[in-house]
Amino acid sequence: MSPIDFIRDLANPDLSFLWKALVIAVMSSLICGVIGCYVVLRGMAFIGDAVAHAVFPGLAIAFVIGGNLILGGIAAGVLTAVLVAVFAQNRRLKEDSVIGVFFVAAFALGIVIISRAPGYAGSLQDFLFGSITGIPDSDLYVVAGTGLGVLAALFALHKELVTISLDRETARAMGIRVFWLDLALYVLVTLAVVISVQTIGNILVLALLITPAATARLLTDRLATMMVLSPAIGALAALVGLYVSWSWDYPTGGTIVLVLTTFFLLVYAQRVVGSRA
Amino acid sequence: MIAFEDIAVQLGGRIVLEDATFTVHAGELVGLIGPNGAGKTTLLRTALGLLKPVRGRVEVAGLIGYVPQRHEFAWDFPISVEDVVMTGRTGRLGLLRRPRTTDWEAVDEALERVRMTDLRTRPVGQLSGGQRQRVLVARALALRPAALLLDEPFTGLDVPTQELLSELFLSLAREERAVLMTTHDLAGAMYGCDRLALLNRSVVAVGTPEELAERDELWMRTFGISPHSPLLRVLKAAA
């Protein structure tokens, strides 16, 4: 299918789910691309993965009781983030072990809950791997509103987040509330993940957080540049990925992730070859 | 001025530091010396307010600038020298405030003071060890502090770099700042510091290098060394 046909399909009123999926995928990528910069620079990829899994029981409960999926996911993700932050205060346990305990538990809870729902197998697959159909119109507003909120919060806290990323001890000595900023960052990552789960899926959403930011990091030594490149790379991959998946009937989430991975590998190769030349 | 008054600190239910009383006056560079586990970092963290002493108090005239060990800092972060120095003012600026002219003036002044103005737009990942140490000092100076706390600033640096930094710290002290520095470089401390505080779970002695060099028993007590240790001869030579 040519790009022209794709645009024609986007404009087709019978295929209205397609442009909704495109808008949501692009918005998710932009937001994950920005917040992913903090995740990558702080070496928090594991936390990103944990949060992505932790939203699952919330989605499952919302699905079973017919509530709003996004709100359910936010509640579960934030609850898990708080539990991790609190349990990580225990000196005997490292944070990654605490995360390991809670995120798998949350995911397991989600699987048990959703197994009680009718149409179990199909809905499980949609959650895990994403789906571009069945997005209600209201989700467009929820995603846009949540996304703007996340970006506004990051903009407001940017100076503090950078300061604690550089050196936590000195930040503490300056009187900066490191614990609360960590918690705020976890919650913002949770929000970004939740609004992205619909199209890209629970398991694959980590790629939206990490891959664009990692690719951008390879391209620049300037944080400001990185924070523009990363969402741009993510949004482009969402567009290309949706086009490819629609044209050749591949699963959308997986295709977007593979497009992102291709970008990453191309940049990596160019950097390695460039540095040798 | 930083005054430690009969400080006792408890960590994990155990007293790790007690009877710590001494004062670093404005204008002097004091070396804090002691073996690993003596409580040097604990004392610095107490001065910064990160640890609460179970007894005693720390009095500081003015703001404290803190210069942590170099490995505490994320050098792979994509950020320029001047932006790092500006993060020294984050706590002062407060939430939702952007840097103003006065903040940039403080940053310019701090960069100039450590002679890093030429490299101000350089990403920090590209700097040498000595330059990195200067950036951390400039970040602390950006607050225009009355006191500076330096944690192991010489570790991992070559001798010429140590010497340049040592001169910098002494001149920072001479500009009416109280400067306290922990170090494992005993000979360098004997040569470069105005006074030394010997620490091992408590303050063993405070004095000028000349005074302390003559008193072998203090060093034997602080470091648990024998009367024949070559260290004692090195110290006398360095003083």
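How far apart do the end C-alpha atoms of residues 227–246 of chain A lie, and how much of the span is helix?

1. The end C-alpha atoms of residues 227–246 of chain A lie 29 Å apart, and the span is 100% helix and 0% strand. Helices (H or I, at least four residues) and strands (E, at least two) are DSSP runs, numbered from the N terminus.

2. The model is predicted: local features need pLDDT of at least 70, side-chain atom pairs count only at pLDDT 80 or more, and totals for chains, interfaces and linings use all residues. Residues are numbered from 1 along each chain as its sequence is written, while chains are lettered from A and ligands numbered from 1 in the order in which they are written.

3. Residues 61–86 of chain A are 88% helix and 0% strand, with 24 Å between the end C-alpha atoms.

4. In chain A, helix H4 (residues 56–65) meets helix H5 (residues 69–87). Among the residues of this contact are A:Pro57 and A:Phe63 in H4(A), and A:Leu69 and A:Gly77 in H5(A); residues are in contact if their C-beta atoms, placed from the backbone, lie within 7 Å.

5. A:Asp139 belongs to helix H8 (residues 137–166) of chain A. This residue is partly exposed because 19 other C-beta atoms lie within 10 Å; the term falls between buried (20 or more other C-beta atoms within 10 Å of its own) and exposed (12 or fewer), with C-beta atoms placed from the backbone. Neighbours within four places in sequence aside, A:Asp139 is in contact with A:Ile24, A:Ile70 and A:Gln198. A:Lys20 is 119 residues from A:Asp139 along the chain, yet their C-alpha atoms are separated by 9.1 Å.

Conventions
Two residues are in contact if their C-beta atoms, placed from the backbone, lie within 7 Å. Axes are lines fitted to C-alpha atoms, for helices over the stretch in contact, and angles run from 0 to 180 degrees between N-to-C directions.
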